[in-house]
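Subject: Structure for your files

Hello,

Please find the structure below, with the sequence. My notes on it follow.

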Amino acid sequence: MDWRRFGFIALIISVLFGVVVLIGHVQISPVIIITSMLSTTIAVATPLTLGALCGLYCERAGVVNIGIEGMMLAAAFFGWLASIYMNTVFGMAPMPSLIGGVAFAILTGGLLGLLHSVLSVTFKVDQIIGGTVINILAIGITGFLNRQLFFEKGSIFGGNVPHAPGVLPRIQIPYLADMPVVGRIFDQQPITWAAILLVLITHYVLFYTRWGLRTRAVGEHPRAADTVGINVIRMRYANVILGGMLAGLGGAYFTLESVPSFEPLMTNGRGFISLAAMIFGNWTPFGAWSAALVFGAAQALQINLQFFRELIPPQWAFLQISYVVGLAPYLLTMIILTGIIGKNIPPAADGQPYEK
Amino acid sequence: MQNSEERTSPQTKSILRFMRLTLNALGVPLLAVLTAMLVGGVVIALAGGDPFRAYLGLFQGAFGSPKALSETAVWASPYIFAGLAVAFAFKGGLFNIGAEGQLAFGAVMAALIGYALPGWLHIDLPAFIHIPLAIGFGALAGALWAAIPGALKAYTGGHEVINTIMMNYIALNLTSFLLNGPMRDPNPLNVVARTPLIAESARIPPLFEGFRVHWGFVLALLVAGLVWWLLWKTTLGFEIRTVGANPDAAKYAGINVKRTIVLTMAISGLLAGLAGTIEVTALNHRHELGFSIGYGFDAIAIALLGKTHPLGVVLAALLFAAMRNGATRMQFLTQIPVDIISVIQALILLFVAADAIIRYIYRIRARDERVVLTRGWGG
């Protein structure tokens with residue numbers, strides 16, 4: 001990561017925040033608006049951060065993973081399903097069922113990671129096709145089971161969605177969360193905290209441990225890694241499965257932390273955007289996280305503008321149309337991919353199957 | 001083994017060789033479909049359904065009557081176009097995941113030409129001008145929508161996989177805006193996001209009285225032939241395939257690689273745009289929000305199952321159309337949700353993409369040739 005990227009990120013985030021402040025300052029103090037935007041940004045960036053970390057582990061080991069979207073979607077569904085089963089069928093308390101749901105989401109992600117590594121490492125399938133298979137499979141199986149289990153008359157839940165056990169509770173950081181206005185920022189839900197922690201852990205693991213060195217070696221020059229005795233196949237399997245588990249945790253965000261319900265296709269391209277975040281972060285954890293925050297800010301803009309709808313001046317009327325504001329993250333992704341803000345250099349062996 | 005081959009006449013040998021090649025080309029996709037249906041049957045059974053009755057219903061719904069056959073052809077028309085779009089891009093070494101957005105944009109444009117020319121501008125055109133005009137503009141809109149990621153790929157290196165997906169979401173947002181706003185059907189009874197009906201003069205007529213199958217199906221078959229001709233019988237086709245096989249070699253051979261990439265994406269988008277155009281002008285006579293969702297991924301599966309060859313694409317499109325069409329009857333008979341078809345399709349794609357699995361299960365010898373479909377971010 002270089003200063004140009006961080007500068008660009010800071011610029012975009014200030015512009016996005018600035019728009020809301022400009023519109024809302026007549027009613028609410030700017031400090032409160034910025035705090036609220038920042039708090040939302042950090043929360044909605046969570047699945048993007050985790051998805052980007054998933055991509056990071058996979059690609060640093062030399063496996064392109066465009067199946068993150070599908071991994072998240074499947075994990076969101078199965079995690080939610082597991083929590084409902086535990087809560088309704090087995091009669092467990094809401095809190096343990098939610099934690100069990102998160103565990104199941106991580107497991108789902110890990111299993112899909114295993115599928116991806118079987119396809120791309122063992123069978124040497126074109127990795128982008130392999131990822132597409134995972135995406136299509138996830139859409140099909142979640143759509144099918146969602147209807148089969150909840151909306152068919154003869155189904156287990158008798159044709160109606162049972163009451164979900166709610167969402168994960170907020171966790172306040174002691175002292176920091178007690179501060180008057182900005183305390184809100186330090187009052188987030190557990191997966192959000194976990195994502196931030198995982199960014200730090202990933203940075204340490206990738207650049208300061210033997211595991212990280214081996215992972216990077218396998219992604220840059222597998223043959224050299226093989227000659228010094230690193231098991232290329234095993235490293236790739238382990239990293240893709242680990243990445244899948246992270247994407248699974250990101251999927252849990254959708255149905256167990258953000259809202260207590262599932263909708264078909266609810267990940268809405270977040271998996272792909274997180275890939276773009278990883279690329280813009282130049283395959284580094286902190287870079288990926290800050291890029292995820294940019295996308296989070298674009299989404300926070302959309303959410304926060306809803307509160308100030310009637311305050312938007314007439315010459316800015318287009319901002320009232322959520323479809324137009326909603327374009328921001330996608331356009332941003334395309335601009336970033338052009339490389340005008342700095343060249344993106346992937347690991348050298350990214351996307352190439354290893355032939356012994 | 002070797003002796004028996006030596007004894008046979010050269011003619012028999014060439015016939016045998018032809019048969020072996022055909023079997024090899026058809027074998028893996030067919031076995032992939034079969035295996036996917038088997039696994040799908042297990043999924044149905046696990047979900048509490050009867051797989052035999054489900055597949056019987058599927059077959060009846062797809063082929064059981066003249067009406068069923070007509071409906072299968074109706075489903076197949078956009079599938080052929082969209083499958084051709086993805087297959088065409090593959091030939092040029094590009095992965096177009098954006099067929100969905102290009103299709104939606106083509107549909108919006110065709111609908112606009114269809115209703116706005118007579119409705120807003122009061123230009124009444126005879127059918128033989130109005131229909132080609134609507135089709136042409138729909139196709140152009142698709143081409144334009146795909147040329148953008150094509151140009152980004154050629155001139156900045158932005159990867160087309162992510163860019164076409166982003167263009168899908170942008171198209172979805174823009175069409176939502178158009179269909180909820182300026183292009184919304186003003187009929188007071190209308191509660192959904194859709195355009196008004198297109199004029200009679202812009203509608204492609206049905207093939208037979210009383211059936212929904214239309215001339216668009218014939219057009220799809222013709223275009224499939226045209227794509228084959230373009231790819232294998234013209235200089236442009238040769239350039240596209242060369243860039244797809246090896247861009248560096250193409251560059252040294254004097255081919256303008258960047259221009260070819262943009263052109264490949266534009267033609268691919270044109271085909272996808274035709275898919276949307278046909279649905280509007282021949283079938284629905286309007287564009288409705290949400291009809292395009294899912295076509296993009298289906299198109300990828302069709303292109304891969306058809307081994308990116310136009311004839312293969314037509315066959316794969318017919319199979320997928322039969323499944324989608326039959327699924328309604330299957331759901332009626334067995335209460336298995338139609339979504340199971342998506343699962344089976346994903347499994348087909350899985351087994352086609354990972355043909356090593358199929359070869360392993362059925363002990364088919366692998367051939368050396370490997371088709372390069374896509375490259376990593378670096379390419």
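Predicted model: local features only at pLDDT ≥ 70, side-chain atom pairs only at ≥ 80, totals over all residues.

B:T308 sits in the loop that joins α12 (295-305) to α13 (310-334) in chain B. Although B:T308 is not a glycine, its phi is positive, at about 55°. B:T308 has 21 C-beta neighbours inside 10 Å, and it counts as buried because the cut-off is 20 or more.

A:K124 is found in the loop between α5 (94-122) and α6 of chain A. The phi of A:K124 is near 55°, again a positive value in a residue other than glycine.

On the chain A side 41 residues take part, and they meet 41 residues of chain B. Four helices of chain A each supply at least two residues of the side that touches chain B: α6 (127-151), α11 (270-280), α13 (322-325) and α14 (328-337). Which of them gives the most to that side? It is α6(A), with 14 residues. By type, the residues of the side of chain A that touches chain B comprise 24 nonpolar, 13 polar and 4 charged.

Regards

Technical notes. Residues numbered from 1 in each chain as written. Chains lettered and ligands numbered in written order. Contact = placed C-beta atoms within 7 Å. Nonpolar A, V, L, I, M, F, W, Y, C, P; charged D, E, K, R; others polar. Buried ≥ 20, exposed ≤ 12 C-beta atoms within 10 Å, placed from the backbone.
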